[in-house]
Amino acid sequence: MFVYRAIRRCDCRTTNDTRCNDVSDAQSGALDDGRYDAFIVWAEQRDNGIALECAITAGAHRGDVVTIVSNTLPTKDELALVGLPCTLIVNAREIRVTFD
């Protein structure tokens, strides 16, 4: 289990600056506390860590893409994460990711 901060994107075609890894700077409609089933649609190395783009697969936020940046993810091949299912656990504007 890993703890990350995220920026929520309502449209995966838009680009947000992920150098600011604080949910409070996200677009309106940030994720409410709870659990969200998701899968990783893209992963890439950035200056501040590995960015994961996770698509939510169920519920009211189905189809939303959340970009999560981590500098502690234990992987050397970020592309190996693409397609993996995961669960996003939001609590007090902090997102934990667990891999299924």
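These legends accompany a few close-up views of one predicted model.

View 1. From the N terminus on, the elements read β-β-β-β-β-β. Of the 100 residues, 40% are buried (under 20% relative accessible area, with exposed over 50% and partly exposed in between; 1.4 Å probe, protein chains only).

**View 2. Val41 and its neighbours.** Val41 counts as partly exposed because its relative accessibility is 33%. Beyond its neighbours within four places in sequence, Val41 is in contact (heavy atoms within 4.5 Å) with Glu53, Ala55 and Val82. Leu84 lies 43 residues from Val41 in sequence, with 8.2 Å between their C-alpha atoms.

**View 3. A salt bridge between Glu44 and Arg46.** The structure holds one salt bridge (a side-chain nitrogen of Lys or Arg within 4 Å of a carboxyl oxygen of Asp or Glu). Glu44 and Arg46 form a salt bridge, and their closest N and O atoms are 2.7 Å apart. Glu44 is partly exposed, at 28% relative accessibility, and Arg46 is also partly exposed, at 22%.

**Reading the views.** Residues are numbered from 1 along each chain as its sequence is written, and side-chain values use heavy atoms, leaving out hydrogens and water. In this predicted model, local features need pLDDT of at least 70 and side-chain atom pairs count only at pLDDT 80 or more, while totals for chains, interfaces and linings use all residues.

Technical notes: Helix = DSSP H or I, 4+ residues; strand = E, 2+ residues; numbered from the N terminus.
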